[in-house]
Amino acid sequence: MSISGKNLIAGEWSGDTLGGFTAIHAAENKPMQTTFADATEQEVETAIQQANQAFESYHLLPALQRANFLRTIGDEILALGDELVDMACAETGLPSMRIQGERGRTVGQLGLFADLLESGEYQAVIDLADDNRQPLPKPDTRLGYLPLGVVGVFAASNFPLAFSTAGGDTASALAAGCPVVMKAHAAHPGTAELVAQAISRAIAKCQLHPGIFSLLQGKSYAIASQVVTHPLVKAVGFTGSERVGMILQKQINEREEPIPFYGELGSINPQFIMPNKLKAEATSTAQALVASLMMGQGQFCTSPGIWVYVEGEGSQEFEAAAAEAVANTEAGIMLTPAIAGNYQNTVAQWQKLPNVSLLAQGKAGAEHHCSAALFQTDFATFKNTEMLSEEVFGSSALMVRVKTLDEMYEFSRLLKGNLTASIHAVDDDLAQSQSLARLLVHKVGRLIYNQMPTGVEVCASMNHGGPFPASTDIRATSVGSEAIKRFQRPICYQNMPQELLPEPLKS
């Protein structure tokens, strides 16, 4: 299939690619051939207006028809075949097996919401009237959920499929009955266009309003600002840096009408290795942590960025094993030259910090590659050095040696919000782990035992969010069946005749 470099505006491909931008071939570190158009102010306006028109019919679409639409999108994505995999690999530098797995997750997410719609999982709550109740009769009340309206979605740099064009935010918004205006990530515009072509074909096959989905390309910050401040946009899903997320949050806060902003902004995902675990399994635990760190060159939102352990038996073995494993890692391609530059600058800054040691560094690579870095410090230094609490986007980890379990507990109290934390322990550690777990649940959205944080199961019980700055709404998840609730609001009907009730609320 050909790549036009244009924007998809309610079923029409639009835009002037002259003077536009190109993606970077990640492995070769040079511009790719296709030029992509920056969406104009008028194109953004048209996309939002058309989405609002589509909302009038789409939000009334029965659940079974929405489910069929989601499944059709999945089928069309699979029909793209190797072309989609090849494009995503070229634009991101991620290996084909990773992209194939991510494609499966993307289609699986669409299927999950389709299953739930078909099974009636998102059912209303009905309390029947009781005329005999004293002292006053009880009215008939029925609680349902309404889609919010047009949703603006921002693609992630590190997940070109699962958190991008047809990713979790888009899938859950469409499942809720909300049209989507998608801002593609400039790092993988060709991948975004291919997936948008698949969505557009699904819309046509299901005979739906073309305004249900639009794709906006571009590097201009004005596009993002126009989307989040437009009065017809009723919610925003965002995955990206804390800096950009806070800019968008500020703009949303200044709107005349407040709207929900579901931003996933970053996480250091602390790993706590308990004393008896350290004694018994120092080497294997260290090797497992390094393997988790190296997944995607550390460019996962759930990458294990900080490892906390008590000085004592096994600690030196743990440090030596981790240093050896890191030293043997190969340098890898990062998603973009800019991300590579930011990573390298941060690693260089950390090397200048007092009382912070560079224990090991991975093998050197090209300028746009990521070489793993393993740092170590003590609790007092961590406590007094704010920079050490910030996420490093790449395969860098900080080992924090504490003197006692009480110091480990105090460390957990200092943490900002995170997506995840893991406790690594054996049975003899369980009593002390209880105290730690009670502290950590207030700092994370997912607490893990004896497993690594990398990898997020897409299921009904998953929570992918957490206290700020992990996410901007502590009550929401961007993964799993509960994600749909971000784009709905409750509506109660009292004493309504059957003729005026929506289908799910009728007796």
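Buried denotes a relative accessible area under 20%, exposed over 50%, and partly exposed in between, computed with a 1.4 Å probe on protein chains only. The structure is a predicted model, in which local features need pLDDT of at least 70 and side-chain atom pairs count only at pLDDT 80 or more, while totals for chains, interfaces and linings use all residues. Residues are numbered from 1 along each chain as its sequence is written, and side-chain values use heavy atoms, with hydrogens and water left out.

**View 1. The aromatic pair of Tyr58 and Phe69.** The structure holds 12 aromatic pairs; rings of Phe, Tyr and Trp (its six-membered ring) pair if their centres lie within 6.5 Å, and planes under 30 degrees apart count as stacked, over 60 as edge-to-face and the rest as tilted. Tyr58 and Phe69 are edge-to-face, at 6.1 Å centre to centre and 85° between the planes. This pair links distant parts of the chain, with Tyr58 in helix H1 (residues 41-58) and Phe69 in helix H2, 11 residues apart. Helices (H or I, at least four residues) and strands (E, at least two) are DSSP runs, numbered from the N terminus. Tyr58 is buried at 2% relative accessibility, and Phe69 is buried at 0%.

**View 2. The aromatic pair of Phe272 and Phe411.** The ring centres of Phe272 and Phe411 are 5.9 Å apart and the planes stand at 75°, so the pair is edge-to-face. Phe272 belongs to strand S12 (residues 271-273) and Phe411 to helix H13 (residues 405-414), 139 residues apart. Phe272 has 0% relative accessibility and counts as buried; Phe411 is likewise buried, with a relative accessible area of 0%.

**View 3. The surroundings of His424.** His424 lies in strand S19 (residues 418-424) and is buried, at 2% relative accessibility. Its side chain is joined to that of Gln271 by a polar contact of 2.9 Å (a pair of N or O atoms within 3.5 Å; within protein, one must be able to donate a hydrogen and the other to accept it, and residues adjacent in sequence count only if both atoms are side-chain atoms). Leaving aside neighbours within four places in sequence, the residues in contact with His424 (heavy atoms within 4.5 Å) include Phe272, Leu289 and Asn450.

**View 4. The position of Ser435.** Ser435 is placed in helix H14 (residues 430-440) and is partly exposed, with a relative accessible area of 30%. The C-alpha atoms of Ser435 and Gly5 are separated by 55 Å, the two residues being 430 residues apart along the chain.
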